[in-house]
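Let's take a friendly walk through a protein chain. Have a look at the model first, and then read on.

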Amino acid sequence: MAIVFHPANKTFHLQANDTSYVMQIVRSGYLAHLYWGKKVRHYRESNPLQFFDRGFSPNPDPSDRTFSLDTLPQEYPAYGNTDFRTPAYQVQLENGSTISDLRYKTHRIYKGKPKLEGLPATYVENENEAETLEIILEDHVTGLHVTLFYTVYERWNVITRSVRFDNNGSERIKLLRALSMNVDFRDDHFDFLHLFGAHCRERYIERKPLFVGTQSVESRRGASSHQQNPFIALLRKNANEDEGIVYAFNFVYSGNFLAQVEVDQFHTTRVSMGINPFDFTWLLEPGESFQTPEVVMVYSDKGLNGMSQTFHQLYRTRLARGVYRERERPILINNWEATYFDFNEEKILHIAKTAAELGIELFVLDDGWFGKRDNDRSSLGDWFVNKQKLPNGLEGLAKSINQMGMQFGLWVEPEMVSVDSELYRKHPDWCIHVPNRPRSEGRNQLVLDYSRKEVCDYIIQVISDVLASAPISYVKWDMNRHMTEIGSAALPPERQRETAHRYILGLYRVMEEITSRFPHVLFESCSGGGGRFDPGMLYYMPQTWTSDNTDAVSRLKIQYGTSLVYPISAMGAHVSAVPNHQVHRMTSLEMRGHVAMSGNFGYELDLTKLSEEEKAIVKQQVAFYKDIRSLVQFGTFYRILSPFEGNETAWMFVSEDKSEAFVAYFRVLAEANAPLSFIRLKGLDPEKDYELIGSGEIYGGDELMYVGLNVPQRRGDFISVIWRLRAAR
Ligand code: GLA
C-alpha cells in the first residue's frame, strides 16, 4: 500500500491492496484521471493522455486548440469552463453567476484516515491500515477551496472518497451541487448494475448495457429508499459472479442521493455520486465549510462475488461499530406479525414463554406499546407506556421476560409524529412542512423536523428515558414514511433547500448520541422493512430489518440482491406464519427456516399457535442455527445460483479457515420430468477433504468445487436442501 506523488510528471499513484488509481496535474493545474484498475508497480505513462482539436469542444487556453476540458478525463469537474458533461459540483456567487474553475494548489499524504465530522464513514483502528491523500483545489476568483479526500485500504481493493468545500473568500457562496466523487473512464465497454425495488420487494438486481447518454438512479424521498439503493456498479461485459472486472460505488448516506453514469460523444464514461442536487442548495458564509458524505469505491477482478466479499469484510469490520460488531447476534422473536396492535401483557408473556422453551434468546416488542396506539393512526411521539396493555410497564414486562432467560427488545419510531398525538398538539411546527401548504400524511403520520436542534434534543431525551426505564437490550429503530412538502419552520428562506440534508445530519447526531449512551444495546434499523438499508445506517446500527416481506420465496430475491453489498450479519431474516401475510403463499416451515437461517435469524409469528410437531421443528432450527451462526454471520459468503435467473437459488458460507461450510439450495416450483440438478461449491480448500455432516460422506474440496454435488430429487414446490461440511481430519 502506498500513495506516491511523482513530481517529474506530476502524477499521484494510489495503491490499495491489488488496485492502482492514478491522477495527474495537467496544464495550468487541472486534475486529470489517468487510471483505475488492477495494480501496476509503476505508472510510467504507457498510454498518456492524447489531445486533439475537436469541433465544438472549446479551449480554456485560446493558444491551444487541442486542449479542452470537454475531452479531459477529470477527477472533480467544474461547470462552465469548456466541459459540457455533468459537473461534480456547481456554485452560485453573489453576482448570480454559476461558473467556477478549480486548479491544483497543494496536497498532503498521511497515514490513517480522518473522521468525517458528523457523518458516518468507514474507519481505521490503527493508522497503518490505510493511507490518505488530500488534494486542495482552488477557485482563484472566489477563494473557494475544494479538498478531495482519497483513502486507500491496505487489506482491500477499496478507495474511499469525499470532498470538503471551504469558503475562504469574502462573499457568500451557494452550493447548488456538491457530489462526493467523479471518475472518468476512458471507454464505455460496461454493463450498468443497480438495485431497485419497492416496499416488500427491495433490492432486485438489474443489469443493462451502458448507452450513450445519461443513466442514473436516485432518491428524492428524504431516505435512501426501497426504490433505489445508493449503490451502482460498472461491469466489464464478460464479468459474472466469479470472474471479470467490476467497479462498484456505494454512498455512505441515508438520504436523497444521485448516482449517475454519463457516456459521452467519444464513448468515455463519467461516473458520479453524491447528495442529490435536486431540491438541494447549501449556503456557505465566508469562513464556513461543507463536508460531503463518503463514497466507497470497490474494484474487483473476481466478479460480483469478489466485490461483495470486499464490501462485506469492510462493512463488518470497519463501518459497523460497537460491542455487537464481532458478537454473534441473538435469535429473536418479534410479535409484529403475531399480534399486530392487538396484544396485552398476558398474550406477550405467553408467546415469550413458548419462545424461551424453544431456545429463542430475545423477545422484541414491536409497535403498539405506547400512547394510545391501537392502530397506525395515532400516538407516534408519545413515548410513554400504555398501562392498559402493559399494567406493569416496560420494566415489569422486561423483567418477566428476563426471568424466562430471554433478553428484552423494543420497537420505536422516533423520527415521526402522528397528527393525533400529544406531541403534535403541543408542537405543530415541529414537523417538516411548508407554510400555507397542506401537510400530506403517510400512514397518518408526519416527519419530525430533525433539522432543528431542539427537536433532536427532545427526542434524545425521551428515547433515552425509555431505554433507561427497563432492562432493554435491543432496539428496532423504524421509519415509516418519506418526506413531502419539505421545509423547516426554523430555517430562513435562503436555507430552505438545506432541510433534507440537515434532517439527515440531525438524525446522525441523534443516533450517535443514543447509541453511545447505550453501548450495550443492539440496534437494528428499519424503514418499512428495508427502505433505509444503506451504509450510513450500518455505521450506527449494525443490522437492518431486510424487508417487511417475510415470504420465503420473495426473500430469495430480496436477500440475494441485498447480499451484493451488505454483510449477512446485517440482514434481519425471520420465519413467519403461512399463508404468508404479504403474498399469501404456503411454504414449508423447513424452507422458511432455511431461508431465514441464511441471514440474521429470528421468528415473527405466534408460536403459541404452532402444533407440537411444528414446535419441535422450530426447536431444532434454533439449535441448528446456534451451531452455524458464527459461520453465517461472520464467514465468507458465496452466491451459487441466482433467483433472478431461474427456478433455483443456492448460496453458501465458508469459515475463514475454510474448515467449515454451510450450503443452502432452494427450488421454487416443481416441474414434471425435470432436468437433474447439481451445484458446484465455492470457496473451499481444494487440498482439504470435507465430511458432509449427517451422511458421513467424504469428498475433496476440489471435487466439490470442480465436479459438484447432486441435489437430491424431491417432489413438490418450494423445496429446500442444506448441507453442512466439516474438514475431515
Ligand atoms: C414497519 C416495520 C414492521 C413493523 C411495523 C410496525 O412497517 O417494517 O416490521 O415494525 O412498521 O408498525
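To talk about charges, we count Lys and Arg as positive and Asp and Glu as negative, leaving out His and the chain ends. The place of a charge is taken as NZ of Lys, CZ of Arg, CG of Asp or CD of Glu. With that in hand, the chain has 81 positive and 93 negative charges, and their mean positions are 0 Å apart.

A word on the source: this is a predicted model, where local features need pLDDT of at least 70 and side-chain atom pairs count only at pLDDT 80 or more, while totals for chains, interfaces and linings use all residues. Residues are numbered from 1 along each chain as its sequence is written, and side-chain values use heavy atoms, without hydrogens and water.

**The whole chain**

You can find 12 helices and 38 strands in the chain (DSSP runs numbered from the N terminus: H or I of at least four residues for helices, E of at least two for strands). The radius of gyration of the chain is 27 Å, close to the 27 Å from the globule rule for 729 residues, so the chain is as compact as a globular protein of that length. This radius is taken over C-alpha atoms, and the rule is 2.2 Å times the number of residues to the power 0.38. Along the principal axes, the C-alpha atoms fill a box of roughly 85 × 70 × 45 Å.

Of the 729 residues, 62% count as buried (under 20% relative accessible area, with exposed over 50% and partly exposed in between, using a 1.4 Å probe and protein chains only).

**A residue in helix 6**

Ile460 is found in helix 6 (residues 453–468) and is buried, with a relative accessible area of 4%. Beyond its neighbours within four places in sequence, Ile460 is in contact (heavy atoms within 4.5 Å) with Arg509, Val510, Glu513, Ile514 and Arg517. Glu513 is 53 residues from Ile460 along the chain, yet their C-alpha atoms are separated by 7.3 Å.
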